[in-house]
Structures are given as structure tokens and as C-alpha cells.
Amino acid sequence: MVFKGSFSIHDMSVKRIVSFLPSATELLYEFGVQDILYGVTHECKYPPGATSKLKVINSVIKSDELTSKEIDTVTCQLLKEGKDIFILDEKNLRDANPDLIISQETCEVCAVHTNQVNRAIKILGKKPLLLSMNPHNLHEIIEAVKELGRILEKETRAKEISDLLEKRIQNIQKKSFDKKPKVLAIEWIDPFFTAGHWIPEMIEIAGGVNMISKVGEYSRRLNFQEIEQTDPDMIIVMPCGFDTSRVISEYNSILKNDIGWNSLKAVKNNKVFAVDANSFFSKPSIRTVEGLEILAKIIQPETFQELRIDDNTYAHI
């Protein structure tokens, strides 16, 4: 089942939680309930304490050892053959023995999906309660904070978090812009994929005109001709799960010397940027709001010159 209606952690007597979702793991730490978090995924690396938790999920794809093209090829082959991208560690799952499993249904490539949840239920001797978190825009990300806070009986902390997030969004949103550049965000570069879900909305709020993708829509494959026809003023490269240095490395090996790519206006004008996608863009977490601030700094640097952003979060490429 997926939770609906009114309930709380007290009502359910939840003592042990497993998170199949990195953004949920981050939020559990923000609520201070990490002591009852007994299992996480291989992707739950933030905050640092999450890495010491029992791993109940691993990936069959060794992303650190493969190029973008190789990752795409392996992923497509697994999906075509009906094989799983993520695998359950049955022993660790039984040891975690969760009363509550938090998962998602947004993307079967980016995080644990329905197959693993169903398998987990079969493995466990009891039937844990399930919570599926599926935000597609900034509003839904904040609503997810409030909902999980209510479930965990952490309403006060949830309000503090959500109020701060809303204030930071409004700080960007209230600005007016004399000129808005055409911005294309790319979620994968070999092959090209658009950046969907919450990214188009973030670009628009940050003072850009989002190109190709639409708010709330899934990311999709696109060809170079679409990019060429759009000829954006600015390109932001954010391959799913990559940090800034990995984005730059992939870009340099794949696109830097490509003749067609170098004919684009954004490339000629040195308006191509790499961002830390793994931390601030790939996941619908509370850190996505920091991603919005990063975009504002990139897209409208003069307007947001006083906005303080960590230098490691983005770079010119």
C-alpha cells in the first residue's frame, strides 16, 4: 500500500525505517530520526553519516568505471531485457527489519522503483508500511517535507525547514529581469537527454527562458538537431548523478572538440556551465533549493551578485 489519509509514526508504532530514496534519507537526518533509520541505498551519501548505515540496495551498474555512453548502453540493455538496475541485499534487508519503507515511483533508472519494493515485501517476514515520495516540482518537494514531518510527528521541524525553503525560493522569485536568456539544461550528453521534472521551473524562476523540456515532464532523449535549432544563449550540463568534476571530465572527452557542438552560440560565447548535479539537481531533495540559487547565480549573475554560493557547485566549461 501507499500511504493515504491521516496517520503518524506513533499510530503505526514505526521503530525501524529503511530508505530506498537518497532525498528521503537526507530529510530523515534533518528531522533528527536517523537513530531509527536502519537501511539505505548505495546512493545515500549525504549527510556523511548516512554512509555508515546498512546498505540494503546496490546498483549492478558501476557508474564510476564507465563512460556516459557505456552507462546508457548498459542501462538500456537491462531495461530491454527486463532486468533490474538495482539489487536488494536480502540479508541486510532482513537485518534492517523495517516497519516503514520509503521509496519513489518517479524514475526507475535514478532510484529504486516498484520492482525492488515488491521484492522487499516478499523477503520480509512481516508487511512493512510503504510511503512513496514522488515530487515533480518545487512546491511538491516542499509538500513532501511537510507530509513526512507529519508522519514522523516532527511538524515543528518540518515547518522550520519548509518556511526557510519557501523564503529562499521567494528571494529568487521576487526579482525582475531586464533580459532573460534562452537556457537549455542537459541531463545526459552521450546520448543527449533533456533535464525534466523540476529543472524547467527552476530555470524560469532563476531568470531564464527554459528550452525544449517542460515543467513536470520526464526527461527524454533528444538529438543534436533539436539543440542546434534551439541555439540557446546558455547551456547548463547536469548529467544525472555526476558531480561538477565528473561533468567537466565527460564534457572534455565527448563534446569539447566536437565541430557541431562548437558551432552553437552558447559555446562560442563561453556560456556553457557544469553543475554538481548529484547534490543539487538530480534528486528532489531539500538541497534542490540550493540548486535554484546556483542557477540564479549562473543565469542572472549581475542580479544575484550578492548571493553566496560554494565555488565547487558549478564551473564554466
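Two strands are taken to pair if DSSP finds at least two bridges between them, and the strands themselves (E, at least two residues), like the helices (H or I, at least four residues), are DSSP runs numbered from the N terminus. What follows concerns a predicted model, in which local features need pLDDT of at least 70 and side-chain atom pairs count only at pLDDT 80 or more, while totals for chains, interfaces and linings use all residues. Residues are numbered from 1 along each chain as its sequence is written, and side-chain values use heavy atoms, with hydrogens and water left out.

Strand 8 (residues 192–194), by contrast, is antiparallel to strand 7 and is joined to it by 3 bridges, with a hairpin of 2 residues connecting the two. Individual residues show how these pairings are arranged: Ile 186 has Val 237 as its bridge partner in strand 10 and Thr 194 as its bridge partner in strand 8, whereas Val 183 stands opposite Asn 210 in strand 9. Strand 7 (residues 182–189) is mostly covered, since 7 of its 8 residues are buried, where buried means under 20% relative accessible area, exposed means over 50%, and partly exposed lies in between (1.4 Å probe, protein chains only).

Another part of the model holds an open sheet of 6 strands, ordered 4-3-2-1-5-6 with mixed pairing. Its edges are formed by strand 4 (86–88) and strand 6, each of which pairs on one side only, and the twist averages 15° from one strand to the next. Strand 3 (residues 55–59) runs antiparallel to strand 4 and is joined to it by 3 bridges; here Asn 58 stands opposite Ile 87. Helix 2 (residues 22–30) packs on this sheet and touches strand 1 (17–19), strand 2 (37–41) and strand 5 (100–103), its direction making about 150° with that of strand 2. Contact here means heavy atoms within 4.5 Å, and axes are lines fitted to C-alpha atoms, for helices over the stretch in contact, with angles running from 0 to 180 degrees between N-to-C directions.

In helix 7 (residues 155–173), Ser 162 counts as buried because its relative accessibility is 2%, and, leaving aside neighbours within four places in sequence, Ser 162 is in contact with Ile 142 and Lys 146. The buried residues of helix 10 (residues 244–254) are Thr 244, Arg 246, Val 247, Glu 250 and Tyr 251. Seen down the axis of helix 10, these fall within an arc of 160°, so they line one face of the helix; the arc is that of the directions from the helix axis to the C-beta atoms. The face turned away from the buried side of helix 10 carries the exposed residues Ser 245 and Ser 253.
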